[in-house]
Amino acid sequence: MVQSLKFSSRMDAVQAPIVAVIGDLIRQVPDTISLGQGVVHYGPPEAALTVAREALADPETHTYQDGVGTRPLLEAIEHKLQRDNSIEMARGSRVTVTAGGNMAFVHAILAITEPGDEVVLPVPFYFNHEMAIQMAGCTPVRVRTDDRYQLDVDAIGAAVSPRTRAIVTVSPNNPTGAVYSEAALRSVNALCQERGLFHISDEVYEYFTYAGTRHVSPGSFDGAHAHTISLFSLSKAYGFAGWRIGYMAYPESLSDAVAKVQDTILVCPPVISQIAAVAAMAVGPAYCRRHLQPLAEIHDIVTGELRALEPRCTVPPADGAFYCFIRINADVHPMQIAERLIREHKVAVMPGTAFGMTEGCYFRVAYGALQKETVSEGIGRLVRGLRDILPSTRGSS
């Protein structure tokens with residue numbers, strides 16, 4: 001019998017991926033409706049699938065290509081950044097294509113930090129961000145947001161220390177659906193400029209805003225190009241989750257560091273995915289926006305149904321992305337409720353502990369994968385389940 005090696009590693013301090021944990025529970029209960037993973041219900045534009053099929057016959061598709069991305073895709077991204085985000089390459093920014101937005105974040109952290117450095121994360125945060133910071137041997141510094149999950153800029157400033165290297169913002173936000181105001185983002189960006197920090201701005205959900213809410217890119221602010229790292233992805237807007245295409249716009253001063261990380265981790269982005277991405281971006285954000293009206297209707301159904309549970313739970317405004325982050329007004333561990341919802345009511349949500357909410361009971365509810373014909377059933381199961389579970393768990397721990 002072969003004995004396993006026993007050792008410690010930096011991964012011991014990193015939480016287990018919550019999507020996999022909940023996924024294992026879902027697989028044990030057939031016909032569970034998942035309100036867990038953040039995906040959309042639609043796939044890529046047909047034009048992207050067509051060019052990908054055609055590219056299979058081209059020998060160049062199967063070779064290594066430029067590490068930062070193919071020239072056609074880089075040109076498409078640079079045009080999009082100028083058109084949609086007011087980020088100008090001429091100001092001194094550079095672009096690298098990555099295998100999804102998560103990889104772009106890892107690249108950014110590795111490029112700007114040394115082990116022992118600190119990165120400020122507003123809470124609740126996207127769990128993979130904290131995981132990446134810990135994997136780099138750095139310390140995530142958690143800063144609470146307000147009761148509407150909006151940034152507390154004073155608290156962020158107070159959390160900055162001599163070891164701080166960056167402040168992270170995610171807007172529209174995962175996991176809360178909050179959209180940060182231009183004033184708050186300008187204040188964070190100005191703080192970074194003043195203190196010599198990087199502002200890492202995750203904008204994966206840039207097109208997903210409702211009720212007239214507007215997305216703002218911090219990289220567009222005057223003087224921001226020297227200290228702002230902007231992260232984007234095709235996963236949501238173009239239904240590209242499995243194709244793994246993201247990209248980052250970053251200061252020219254980081255070019256060498258980013259190139260080293262890219263060459264070591266990825267060599268070059270997946271070529272066939274880049275070919276498809278060029279075609280998808282040629283269709284443009286109108287492809288995403290045609291899905292926004294039905295998604296806005298689903299958003300209204302979800303928030304309305306959940307607010308009917310008050311005072312059992314509190315549902316702050318969620319004007320972006322496709323998430324609600326609800327607070328359960330009961331003294332109970334969220335994983336206990338999450339397991340019961342799956343096993344007894346066949347509906348899955350993500351416990352707030354994964355997003356840094358270690359005090360109180362919170363859940364992320366994701367509705368991007370739902371369509372109008374399934375939203376009533378999915379949210380109905382959740383509402384009925386919470387009504388059934390909460391009276392019997394109130395006061396327990």
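Glu-130 lies in helix α5 (residues 127-135), where helices (H or I, at least four residues) and strands (E, at least two) are DSSP runs numbered from the N terminus. In this predicted model, local features require pLDDT of at least 70 and side-chain atom pairs count only at pLDDT 80 or more, whereas totals for chains, interfaces and linings use all residues. Residues are numbered from 1 along each chain as its sequence is written, and side-chain values use heavy atoms, with hydrogens and water left out. Glu-130 counts as buried at 6% relative accessibility, the classes being buried under 20% relative accessible area, exposed over 50% and partly exposed in between (1.4 Å probe, protein chains only). When residues up to four places away in sequence are not counted, Glu-130 touches Gln-15, Leu-121, Phe-125, Pro-140 and Arg-142, a contact meaning heavy atoms within 4.5 Å.

A search of the whole structure finds 14 aromatic pairs; rings of Phe, Tyr and Trp (its six-membered ring) pair if their centres lie within 6.5 Å, and planes under 30 degrees apart count as stacked, over 60 as edge-to-face and the rest as tilted. The ring centres of Tyr-126 and Phe-127 are 5.2 Å apart with their planes at 50°, so this pair is tilted. Tyr-126 is buried with a relative accessible area of 15%, and Phe-127 is buried with a value of 4%. Tyr-149 and Phe-325 form an edge-to-face pair, at 5.5 Å centre to centre and 80° between the planes. This second pair links distant parts of the chain, with Tyr-149 in the loop between β4 (139-144) and α6 (153-159) and Phe-325 in strand β10 (residues 323-328), 176 residues apart. Both Tyr-149 and Phe-325 are buried.

The chain as a whole contains 13 helices and 13 strands. Its radius of gyration, 21 Å, is close to the 21 Å that the globule rule gives for 397 residues, so the chain is as compact as a globular protein of that length; the radius is taken over C-alpha atoms, and the rule is 2.2 Å times the number of residues to the power 0.38. The C-alpha trace spans about 65 × 60 × 50 Å along its principal axes. Buried residues make up 56% of the 397 residues, and among contacts between residues at least 6 apart in sequence, 78% join residues at least 24 apart.
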